[in-house]
Amino acid sequence: MAFQWFAIVYNTRLSRKPFERVMPFFVKANVTAVVLAWASFATFLFVGTPETLIAGTVVLASIFLSISLATAWYGIKLHYAIMGKNHSSSDTDQRFKAKKKQAYKLGKRAAAFALGFFVQSLMLMISGFFGGGKGEGTALLVLTALYLASEACNLANTIRLYQHSMAPL
């Protein structure tokens with residue numbers, strides 16, 4: 001989402017497909033995130049020390065935190081881009097109200113995405129500091145439930161965002 005909003009915000013050439021310009025960076029960032037996740041998992045699997053568990057969760061939490069911050073930042077920038085710098089006299093009141101409503105919806109979506117990724121980051125970070133001690137199973141179960149709930153909310157938010165654009169298909 002953040003990459004798409006980035007592409008729209010910085011679409012100075014008014015391209016019909018602004019995402020094409022950032023697609024290589026998007027692919028590289030996703031490949032890097034997946035490689036880091038798998039490397040963290042493999043390191044923990046083969047080394048298996050508490051330090052590798054903490055390092056892996058810090059890496060994954062950092063990825064989610066980065067996504068959260070980028071989503072919030074570019075969501076806000078896109079919100080203001082939709083609204084324009086000022087209410088121009090050429091805008092009719094009805095058109096301005098429609099732009100304002102669209103920008104408000106986008107702002108809510110950006111906040112929801114950012115919050116979801118932030119919760120995932122926080123749950124990963126906290127879970128990395130739990131060991132196999134007595135009574136920690138319940139805490140890990142709660143953290144996992146919160147993590148999965150935020151993942152489900154992000155998925156639902158994504159589906160809702162694209163619902164109208166995919167309806168004609």
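Author: A helix here is a DSSP run of H or I that is at least four residues long, and helices are numbered from the N terminus. The model is a predicted one, and by this rule the protein has five helices and zero strands, so that reading along the sequence gives the pattern α-α-α-α-α.

Ala7 is found in helix H1, which covers residues 2–9. Ala7 has a relative accessible area of 2%, and because buried means under 20%, Ala7 counts as buried. Although Ala7 and Leu78 are 71 residues apart along the chain, their C-alpha atoms are separated by 9.9 Å. For the protein as a whole, 23% of its 169 residues count as buried.

Now to the aromatic side chains themselves. The structure holds two aromatic pairs. In one of them, the ring centres of Phe64 and Phe117 are 6.2 Å apart and the planes stand at 25°; since planes under 30 degrees apart count as stacked, this pair is stacked. Phe64 lies in helix H3 (residues 50–83) and Phe117 in helix H4 (residues 93–127), so the contact ties together parts that are 53 residues apart in sequence. Phe64 and Phe117 are both buried, and for Phe64 the relative accessible area is 15%.

Phe64 also pairs with Tyr147, this time edge-to-face, with 6.0 Å from centre to centre and 80° between the planes. Here Phe64 in helix H3 meets Tyr147 in helix H5, and the pair therefore ties together parts that are 83 residues apart in sequence. Tyr147 is partly exposed, with a relative accessible area of 22%, whereas Phe64 is buried. Taken together, Phe64, Phe117 and Tyr147 form one aromatic cluster, and Phe64 takes part both in the stacked pair with Phe117 and in the edge-to-face pair with Tyr147.

Thr144 is found in helix H5, which runs over residues 136–166, and Thr144 is partly exposed at a relative accessible area of 41%.

Val34 is found in helix H2, residues 19–47, and is partly exposed, with a relative accessible area of 45%. Val34, Trp38, Phe41, Leu45, Phe46 and Val47 form a nonpolar patch on the surface, and their accessible area together is about 710 Å². As background, an α-helix has 3.6 residues a turn, so residues three or four places apart point the same way.

Helix H2 can also be followed along its length. It bends by about 30° at Phe25. Just after H2, Gly48 takes a positive phi of about 70°.

Notes
Residues numbered from 1 in each chain as written. Heavy atoms only, no water. Patch = residues over 30% accessible without salt bridge, like charges linked within 9 Å, V, L, I, M, F, W, Y side chains within 5 Å. Areas by Shrake-Rupley, 256 points an atom, 1.4 Å probe, with all protein chains shown as cover. Salt bridge = Lys/Arg side-chain N within 4 Å of Asp/Glu carboxyl O. Helix = DSSP H or I, 4+ residues; strand = E, 2+ residues; numbered from the N terminus. Buried < 20%, exposed > 50% of the residue type's maximum accessible area, 1.4 Å probe, protein only. Bend = angle between axes of the 7 residues up to and from the residue. Phe/Tyr/Trp six-rings, centres within 6.5 Å; stacked < 30°, edge-to-face > 60°.
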